[in-house]
Amino acid sequence: MKNLYYYLSTLVLLVFLTACKTPPAQTTTADIMGKTWKLTELNGQPIQLKNPKNNPYFKLNTEGMRYEGHAGCNGVGGTFEIKPDAMRIKFNQGMSTMMACDDLETEQRFTKALLAADNYSVNGNTLTLNKARMAPLAKFVLQP
């Protein structure tokens, strides 16, 4: 009889602990979709802008699977493909306006990073675009 109580208590405790366990957090498309992401780093270096008001950013829209944003001087946009379960992303060559400005070099590096990225990671309010297993191409912070 003592063994029966022991086994039942163990079973109840095990069921209780399993029920209280929180499921692991999963990154989904909702984590990055429909939000504005402001550029903070390119190739591991903080961006240095001559005009900080022109900070590059982008936003992913589910409607039409389109991205839009501002590269620093010019507007950018196009289509993208995403596989959230594998955290894969591909930005397709899109359109851009063609105005000259002081931060044109940063703009060109930003656009190049978008087009080169093939995967991403999200850590809190930080989005990182990567190419294969190399160092991050670009880091972004979520805008309120």
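1. Two rings of Phe, Tyr or Trp count as a pair if their centres lie within 6.5 Å. By this rule, this predicted model holds five aromatic pairs. A pair of aromatic rings is described by the distance of the centres and the angle of the planes.

2. Start with Phe58 and Phe140. Their ring centres are 4.9 Å apart, and their planes stand at 85 degrees. Planes over 60 degrees apart count as edge-to-face, so the pair of Phe58 and Phe140 is edge-to-face. Phe58 sits in strand 3 (residues 57-61), while Phe140 sits in strand 10 (residues 138-142). The pair therefore ties together parts that are 82 residues apart in sequence. Phe58 and Phe140 are both buried.

3. Now take Phe80 and Phe91. This aromatic pair is tilted, with 6.4 Å from centre to centre and 40 degrees between the planes. Phe80 belongs to strand 5 and Phe91 to strand 6 (residues 88-91), so this pair joins parts that are 11 residues apart in sequence. Both Phe80 and Phe91 are buried.

4. Which residues form one aromatic cluster? They are Phe58, Tyr67, Phe80, Phe91, Phe110 and Phe140. Look for these six names together in the structure.

5. Next, the overall layout. The protein has two helices and 10 strands. From the N terminus on, the order is α-β-β-β-β-β-β-β-α-β-β-β. Of the 144 residues, 31% are buried. Take the contacts between residues at least 6 apart in sequence: 49% of them join residues at least 24 apart.

6. Strand 8 (residues 119-123) and strand 9 (residues 126-130) pair in the antiparallel sense, over five bridges. Asn123 has Thr126, in strand 9, as its bridge partner. The two strands form a hairpin with two residues between them. In this hairpin, Gly124 takes a positive phi near 65 degrees.

7. Thr106 is worth a look. The residue lies in helix 2. Is Thr106 buried or exposed? Thr106 is buried, because its relative accessible area is 9% and the cut-off for buried is under 20%. Leaving aside residues up to four places away in sequence, Thr106 touches Leu42, Ile47, Gln48, Leu49 and Pro56.

8. A search of the whole structure finds one disulfide. A disulfide is a covalent bond between the sulfur atoms of two cysteines. Here the partners are Cys73 and Cys101, with their sulfur atoms 1.3 Å apart. The pair links distant parts of the chain, 28 residues apart. Cys73 is in the loop between strand 4 (66-70) and strand 5 (75-83). Cys101 is in the loop between strand 7 (95-96) and helix 2 (104-116).

9. Last, the confidence. The mean pLDDT of the protein is 85, and 79% of the residues reach 70 or more.

Key: Residues numbered from 1 in each chain as written. Predicted model: local features only at pLDDT ≥ 70, side-chain atom pairs only at ≥ 80, totals over all residues. Heavy atoms only, no water. Disulfide = S-S within 2.5 Å. Helix = DSSP H or I, 4+ residues; strand = E, 2+ residues; numbered from the N terminus. Buried < 20%, exposed > 50% of the residue type's maximum accessible area, 1.4 Å probe, protein only. Contact = heavy atoms within 4.5 Å. pLDDT = per-residue confidence, 0-100. Pairing = 2+ DSSP bridges. Phe/Tyr/Trp six-rings, centres within 6.5 Å; stacked < 30°, edge-to-face > 60°.
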